[in-house]
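Student: Hey, can you walk me through this one? I'm still new to reading structures.

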Amino acid sequence: MTKRFDKFKDVMAEIRRSGAAIYKNPAGTDDLVVLSPYSINYIHSYAQDSKFFTGLAEGKLYGSECKKCGQRYGTPRGHCMECGSETRWFELPLKGKVHSWTTCYFGSEEFMKETPFNLVLVEFPGVNTLFLSRLVGAEQKDIFIGMDVKAEFRKKPRYLVSDVVFRPAK
Ligand SMILES: [Zn+2]
């Protein structure tokens, strides 16, 4: 017998337990809710951003520098936001400072089990934009703006931006 609930959180709990539940909809219907596993393989090209991701696997961070005006971006960027010209790659330093930070208590499905975690915007000397990353190895109370941080790379790359995290430099 499928169990009936009038609160959706109870429906969700029952679905996780048994795979199905009935939601007593306030509109007056009994809605059967089921769990249907769903998975896809998403094959895509990083195209012009590829060097950034292969760089992560080699323990390097690549930013983009405008060939015309010299604006330096802390992330992959094919063209300059200031003047529209093409950029070239340059190697970012592996040490920077915390420009700003936040603690995440909620996240996408992949990261939910890791909450709470800390995100930082890292600033590099001589670079005009920031790099968003995870900060590991520091308690929330010990994080501050201006904190020295260093990049740390995943040993077995997944070719995701999460292949790099930052941790306190000292
Ligand atoms: Zn430019």
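This is a predicted model: local features need pLDDT of at least 70, side-chain atom pairs count only at pLDDT 80 or more; totals for chains, interfaces and linings use all residues.

Student: OK, how many helices and strands does the protein chain have?

Tutor: It has three helices and eleven strands. Along the sequence they follow the pattern β-α-β-β-α-β-β-β-β-α-β-β-β-β.

Student: And is the chain spread out or a compact globule?

Tutor: Spread out: the radius of gyration is 22 Å, well over the 15 Å that the globule rule gives for 170 residues, so the chain is more spread out than a compact globule. The C-alpha trace spans about 70 × 40 × 35 Å along its principal axes.

Student: What domains is the chain divided into?

Tutor: Domain 1 covers 4-34 and domain 2 covers 47-168. Their centres, taken over C-alpha atoms, are separated by 42 Å.

Student: How much of the chain is buried?

Tutor: Buried residues make up 19% of the 170 residues.

Student: Switching to helices. Which residues of H2 are buried?

Tutor: In helix H2, residues 50-57, they are Phe52, Gly55 and Leu56. Looking down the axis of H2, you'd find these buried residues within an arc of 100°, so they line one face of the helix.

Student: Why would residues a few places apart point the same way?

Tutor: An α-helix has 3.6 residues a turn, so residues three or four places apart point the same way.

Student: Got it. What do the buried residues of H2 pack against?

Tutor: Three strands: E4 (62-66), E10 and E11 (164-168).

Student: You mentioned E4. What's the order of strands in its sheet?

Tutor: The order is E5-E4-E6, in an open sheet of three strands with antiparallel pairing. The edge strands are E5 (72-73) and E6 (87-91), and each of those pairs on one side only.

Student: How many bridges join E4 to E5?

Tutor: Two, and the strands run antiparallel. Glu65, for one, has Arg72 in E5 as its bridge partner.

Student: And E10, which strand does it pair with?

Tutor: E10 (residues 148-153) pairs with E7 (residues 95-104), antiparallel, over three bridges. There, Gly96 has Val149 in E10 as its bridge partner.

Student: How many bridges does E7 make with E8?

Tutor: Seven, again in the antiparallel sense, with E8 being residues 117-123. If you want a spot to look at, Thr102 stands opposite Leu119 in E8.

How values were computed:
Residues are numbered from 1 along each chain as its sequence is written. Two strands pair if DSSP finds at least two bridges between them. Helices (H or I, at least four residues) and strands (E, at least two) are DSSP runs, numbered from the N terminus. Domain bounds come from an automatic or database domain assignment. A residue is buried if 20 or more other C-beta atoms lie within 10 Å of its own, exposed if 12 or fewer, and partly exposed in between; C-beta atoms are placed from the backbone. The arc is that of the directions from the helix axis to the C-beta atoms. Two residues are in contact if their C-beta atoms, placed from the backbone, lie within 7 Å. The radius of gyration is taken over C-alpha atoms; the globule rule is 2.2 Å times the number of residues to the power 0.38.
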